[in-house]
4 protein chains.
Amino acid sequence: MNQLLEQIVEDCRGYTSLGKVATYIPQLAVADPEKVGIYVVSHTGEEHYAGDCFDRFTMQSIIKPVILLLALLDSGADKVRALVGVEATGKPFDAFNYSDQALTGAHINPMINTGAIALCTLIRGENYEERFTRLLELTRTLAGTQAPEVDRAVYLSEKKTGSKNRALVYMLKAYGMIDDPAEELLDCYFKACSILISCEELANIANIFAHHGIDPRTGKALFPKEYARYVNATLATCGMYDGSGEFALHVGFPAKSGVGGGIMGVIPNKMGIAVFAPALDKRGNSVAGVRMLSQLSQALDLSIY
Amino acid sequence: MNQLLEQIVEDCRGYTSLGKVATYIPQLAVADPEKVGIYVVSHTGEEHYAGDCFDRFTMQSIIKPVILLLALLDSGADKVRALVGVEATGKPFDAFNYSDQALTGAHINPMINTGAIALCTLIRGENYEERFTRLLELTRTLAGTQAPEVDRAVYLSEKKTGSKNRALVYMLKAYGMIDDPAEELLDCYFKACSILISCEELANIANIFAHHGIDPRTGKALFPKEYARYVNATLATCGMYDGSGEFALHVGFPAKSGVGGGIMGVIPNKMGIAVFAPALDKRGNSVAGVRMLSQLSQALDLSIY
Amino acid sequence: MNQLLEQIVEDCRGYTSLGKVATYIPQLAVADPEKVGIYVVSHTGEEHYAGDCFDRFTMQSIIKPVILLLALLDSGADKVRALVGVEATGKPFDAFNYSDQALTGAHINPMINTGAIALCTLIRGENYEERFTRLLELTRTLAGTQAPEVDRAVYLSEKKTGSKNRALVYMLKAYGMIDDPAEELLDCYFKACSILISCEELANIANIFAHHGIDPRTGKALFPKEYARYVNATLATCGMYDGSGEFALHVGFPAKSGVGGGIMGVIPNKMGIAVFAPALDKRGNSVAGVRMLSQLSQALDLSIY
Amino acid sequence: MNQLLEQIVEDCRGYTSLGKVATYIPQLAVADPEKVGIYVVSHTGEEHYAGDCFDRFTMQSIIKPVILLLALLDSGADKVRALVGVEATGKPFDAFNYSDQALTGAHINPMINTGAIALCTLIRGENYEERFTRLLELTRTLAGTQAPEVDRAVYLSEKKTGSKNRALVYMLKAYGMIDDPAEELLDCYFKACSILISCEELANIANIFAHHGIDPRTGKALFPKEYARYVNATLATCGMYDGSGEFALHVGFPAKSGVGGGIMGVIPNKMGIAVFAPALDKRGNSVAGVRMLSQLSQALDLSIY
C-alpha cells in the first residue's frame with residue numbers, strides 16, 4: 001500500500017504544472033505549487049502515506065462539511081434543511097445563482113459559499129467568537145489532535161479581500177434568510193476557512209465520515225449515522241464544485257476540495273483519504289489531487305457506483 | 001422480504017393522493033393514479049415483489065440511462081463525453097438552461113432531455129428507424145424478455161404535443177451540437193420514451209447496472225464495467241431531476257425516474273429495484289415511488305453514502 | 001444637403017472594414033461589404049441621397065416594425081400588448097439574475113425574434129400564405145411602390161438554416177403563447193425577413209412612421225397616430241438590439257436595423273432616413289450605417305432627447 | 001393650464017388606492033399614500049401646479065440622473081461610459097437566457113442601483129463626505145434653491161436596512177469594478193437617496209435637462225448639451241425601471257421615478273414636469289404619478305415619439 005501511494009505521488013507530481021495556486025486571496029498565492037501529498041486511513045485504523053503529507057495548509061472549503069455537521073448537531077436536520085437546500089447547482093463555488101426576485105434556500109447548497117455561510121447561523125453560541133471556537137473544537141476532535149488552528153495571515157487576507165463573500169452575506173440578509181451581524185458572521189467564516197490542517201488529520205476526519213460518525217481509532221460514536229449520511233450524500237452530489245459530476249464518473253466517492261489545495265475523500269465503510277497539492281484547475285480543484293484520487297480509486301476499485 | 005414489500009406498498013399507497021399523474025402528454029393523463037407496485041431483484045437473482053408490479057407503463061425518462069449506455073457502446077466514452085457533460089444542472093428536467101450566446105456540452109447532462117436527445121445521435125444506425133430498433137433491442141436484452149414495445153398511443157401523443165422537445169432539438173442544431181434531421185431524431189426519442197415496461201423487467205435492468213454489466217441471471221457480461229459506472233454515477237448526481245440531492249439524502253443510491261410513474265433504483269453490487277406509482281410530485285417524480293424507495297432503503301440500510 | 005450626405009458617405013466608407021457581413025444565413029454572406037448608401041426624405045417630401053442608395057437588400061429585422069404595425073391594425077393594441085410586452089429588459093430594477101422557469105409575454109418584445117414571430121399570429125388571414133401577402137402589401141404601400149418582393153435565395157437559405165428561429169417558435173408553443181402550425185408560421189417569418197428593399201423605399205417607410213401614419217407624399221393617413229407612437233416608442237427602446245441604449249446616446253432617434261445591413265431611422269415630425277452598408281458589428285448592426293446616422297444626427301441636431 | 005392640472009389631479013387621485021407606499025425602507029412606510037401633486041415649468045419659465053406640489057419627499061432613485069450628470073461633469077463621458085454601460089438589457093437580440101459568471105460594466109446602467117452606486121466613484125472629492133456635499137450642491141443649483149437637504153431619518157433607515165445595496169457594492173468590488181471603501185460609498189449613496197425635494201424644485205431640475213443644460217429662469221448654461229443628451233437618452237430607455245418600455249408607449253418622454261413617490265419628466269426643448277404620489281405599483285413607480293403624466297402627455301401631445 002505504501003508502495004502504491006509512493007507510485008501515485010510520483011506519477012501525479014507532473015500534473016502540478018497544469019494548475020495554478022489560488023491567487024484571489026493574496027496569502028494563498030505564496031503556496032508552493034510543487035507540493036504533493038497523500039494520506040489514507042483504513043477501516044482498521046491502519047495508516048498509509050506518501051509525499052508532503054505532513055505539510056499544513058488551510059482547509060478553505062473543506063471546512064464546509066464540518067460546518068454542515070455542526071449545524072446538524074446544534075440545530076437538527078429539519079432546521080438545516082429549511083434554511084439550505086441540497087440540490088446541485090451546476091454553478092462555480094462562488095456563483096451568484098439567484099432567480100429573479102426571490103432567493104430561497106432551495107437555490108443554495110451547503111457546499112457552496114452562500115450555503116455554508118448561512119449554516120454558520122445555525123451553530124450554537126452566544127456570539128460568533130464562541131461559534132467559531134466550537135467549530136474549531138469539533139475540527140480538532142475529528143482530527144484527533146489539538147493541532148488545527150487558524151492561519152492568521154490567511155484569515156486576515158480573506159477578511160481584507162473577501163468582497164464576494166460579503167456580497168453573498170448581504171444578499172442572504174436582503175432576502176431575509178439570515179439576520180445576524182454581517183461582519184461577525186463573515187469573521188467566523190473567514191477564520192473557519194483559514195484553519196490549518198495536514199493530510200494526516202484530514203484523512204482521519206474523512207475516515208469518521210466514512211464510518212458514519214464512529215471514530216475507528218477509538219470505536220467511539222461522535223455523531224449520529226444520519227448526519228454522516230447527510231454530509232456524505234451532499235459531498236457526492238456537490239463536493240467538487242461544478243466538477244462534481246466529472247468526479248463521480250472518474251473517481252466515484254464523496255469528496256470535498258478546498259482552494260488551499262486539499263481534498264478529503266470519504267469511502268463509506270472503508271476508508272478516509274486526504275490529498276494535498278496546491279496547484280488548482282480552473283474550477284478550483286487540486287489538479288494533482290484529483291489525479292491521485294482517480295488513480296487510487298482505479299487501483300483499489302473504490303468507486304461506490 | 002415479500003412481507004416487507006407488502007408492508008411498504010401498504011404504507012405508501014396513501015401517498016398517491018399527494019401527487020398527480022402527468023398531463024402534459026395527454027395520453028399519460030389516463031393513467032390510474034392509485035396504482036402502486038414494487039419489484040426487487042437481488043444479487044443472487046432472487047425476486048421479490050408486491051402490489052401492481054406486473055402492470056405495464058411507459059419508460060419515459062427511464063430510457064435515458066439505456067440511451068446513454070447504447071451511445072457509450074456504439075461511440076465510446078470519449079465521444080459521449082465530448083458531446084454531453086456530466087454536471088448536475090440544478091434545473092428541472094425540461095429547463096432551457098443556457099448561458100448568453102453559447103450552448104456547449106458542458107451545460108447539459110445525459111439525464112435531462114437535451115442531453116438524452118443529443119446522445120441519440122451517437123447510436124449507430126443507417127437511419128433513426130434502425131437506431132431506435134437497436135435501442136429497443138438493448139432494452140429487451142437488459143429486461144430479459146421481448147415484451148418491451150412501443151405504446152403507440154403515447155408515442156403519437158408525445159409526437160403531437162412535444163413542442164418543448166422540438167425547441168430543444170432546434171437549439172442543439174442552432175448551436176452546432178447536432179446535425180441530424182430534427183423530426184427523425186425526435187421520432188426516435190418519442191418512441192424511446194413510449195416503450196412499455198413492467199416493474200419486473202425494470203428491476204432486472206437495474207440489477208444489471210448494479211452488477212456493472214453482468215446479468216446475475218446468466219452470469220453473462222453484457223457491457224463493460226466502466227460504462228456501468230458512467231451510468232450509475234450520472235444517475236447518482238442527476239437521475240431524479242432537481243430532486244437528485246434530496247433523493248441522495250433520503251434514499252441514497254443511483255436511480256432514474258420517469259413521468260410514467262416508474263423509478264429504477266440501482267444498488268451497486270447488491271440489487272436492482274423498480275417501483276411504479278403514476279401520481280407525481282411537482283418535480284415529476286413518483287410520490288409513492290420515492291416513498292417506497294426511502295422505506296426500503298431505511299429497512300435494508302441500502303444507502304451507499 | 002446632398003453635399004452633406006456625400007460627405008458623410010465618404011467619411012464613413014472606411015468603417016465598413018471594421019465589420020463583417022452576416023454569415024449565419026449563407027445567402028447573406030455573399031453581400032458586398034463595401035457598399036454604403038444613405039437616403040433622406042424630409043417633412044415636405046424632399047428627397048436627398050448619396051452612395052449605393054438604390055441597391056436592394058433584404059429587410060431582415062427591419063420588417064419587425066411593419067409586422068408590429070400590421071398586428072396592431074389587424075388585432076388592436078390590447079391583443080398585441082397581451083401577447084408581447086414592450087420592455088427592453090423585463091427585469092426589476094434591482095434584479096441579480098434571471099429565472100428560466102417560465103416564459104411569458106412580459107419577457108419578450110416586438111423587436112426581438114421571439115416577439116416578432118409571435119406577432120405574426122395576430123396578422124389576419126386564412127392561412128400564413130395570406131398573412132404574408134398582406135404583410136408584403138403593407139410594405140409596398142408604405143414604400144410607395146410595388147417593387148418590394150421576396151429574395152427567394154435568401155428565403156430558402158433562412159428556411160434551411162433557421163434552427164434558432166425554429167427553437168423559438170417551439171418554445172412559444174411549449175409555453176402556450178402561440179398555437180399555430182410552426183412551419184407555416186416560420187415560412188411567413190422567413191419570407192418577411194427576405195423582402196428586398198432599397199434605401200429610397202425604406203426612407204419613405206420611415207417617413208410615414210415619422211409623420212405618425214400620414215404619408216407626406218400624398219397627405220393620406222395610412223394608419224392611426226397611436227400605432228405610429230407604439231412602433232416608434234418600441235424602436236426607441238429596443239430597435240438596435242442590445243446596442244439600443246448606445247444608439248439613443250450617440251444618435252438619438254427611433255431606428256431599426258437588420259442583418260442585411262440596412263437601418264431605418266425615424267425622426268418624429270421631421271424626416272425618414274435609411275442607410276445601407278452590409279458589414280455588421282458584433283451586435284448585428286451595420287457599422288458604417290450607425291456611423292452615418294450618428295454624423296447626420298450631429299450635423300442636423302436630430303436627437304429627440 | 002392650471003385648470004387642466006387641477007382636473008388631472010382630481011382624475012388621478014383615485015389611483016392612489018391601487019398602489020402601496022414603499023415599505024422596504026421602514027421610514028418610507030410612514031408616507032401618506034393619498035398625497036397627489038403636480039408641477040409644470042414651461043420653456044418660458046411659466047409655472048403651473050396643482051395638489052400637494054409643495055410637499056417634500058425623498059428623491060430616492062430620482063437622484064440617479066443627477067449622479068450621472070455630476071460623474072460626467074467631474075470625469076467626462078469616456079470614463080463614465082467605460083465604467084457603466086447604457087443598455088437596458090445588455091443581451092443580444094436572440095438570447096435565451098443569461099450568464100451569471102461575469103459582471104462587467106456592459107451589464108449595468110446608470111439608472112439601476114448598481115450603476116448609480118458605481119458612478120459615485122467618479123464624483124470628484126477628497127472623500128465621500130465631500131463627494132456627497134458636491135452632489136447636494138449640484139442638486140440645489142439645479143433646483144434653484146438651498147432647500148434640498150437630507151432627511152436624516154430616511155437616511156438612517158436606509159443605512160440600517162440597505163442589505164441589497166450593500167450586496168451590490170461588494171459585488172462591484174468582487175468583480176474589480178470599484179475599489180473604494182464600501183461603507184463610505186454606501187453612505188454617500190444613502191444620503192443622496194434621502195435628499196428632500198418638492199415637485200416645484202424637481203420640475204425646475206427637469207426643465208434644465210429639457211433645455212439641455214440651460215436654466216430657462218436665468219438663461220445660464222449649467223452644463224454641456226451633450227451631457228443633457230446623455231442623461232435624457234438614458235432616462236428614455238431606463239428611467240422607469242422595468243416599466244420603461246410601457247412608459248415610452250403610454251407617456252413618451254424621458255422620466256425618472258423614485259420609490260419616494262416622485263417622478264421627474266423631461267420634455268426636451270419644451271418643459272419640465274414633476275409629480276408626486278407615494279403609492280407605488282409593483283415595479284416601484286408611483287401609480288397616480290404615471291397616470292398624471294399619461295393624461296398630461298395626451299392632453300398636450302407631449303410624446304417625443
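Helices α3 and α6 of chain D are oblique to each other, where under 35 degrees would be roughly parallel, over 145 roughly antiparallel and 65 to 115 roughly perpendicular. The model is predicted, with local features needing pLDDT of at least 70, side-chain atom pairs counting only at pLDDT 80 or more, and totals for chains, interfaces and linings using all residues. Residues are numbered from 1 along each chain, chains are lettered from A, and side-chain values use heavy atoms without hydrogens or water.

**Helix pair**
- The axes of α3(D) (residues 113–120) and α6(D) (residues 163–174) come within 10 Å and cross at roughly 60°; axes are lines fitted to C-alpha atoms, and angles run from 0 to 180 degrees between N-to-C directions.
- Helices here are DSSP runs of H or I with at least four residues, and strands are runs of E with at least two.
- D:N113, D:T114, D:I117 and D:A118 of α3(D) meet D:N165, D:L168, D:V169 and D:L172 of α6(D), contact being heavy atoms within 4.5 Å.

**Sheet**
- Five strands of chain D form an open antiparallel sheet in the order β2-β1-β9-β8-β7; strands pair if DSSP finds at least two bridges between them.
- β2 (47–51) and β7 (255–257) of chain D are at the edges with a single partner strand each, so one side of each lacks a neighbour in the sheet.
- β1(D) (residues 37–42) and β9(D) (residues 271–276) pair in the antiparallel sense over six bridges, and D:V41 has D:G272 of β9(D) as its bridge partner.
- Helix α8 (residues 199–210) of chain D packs on the sheet, touching β1, β2, β8 (262–267) and β9 of chain D, and its direction makes about 150° with that of β9(D).
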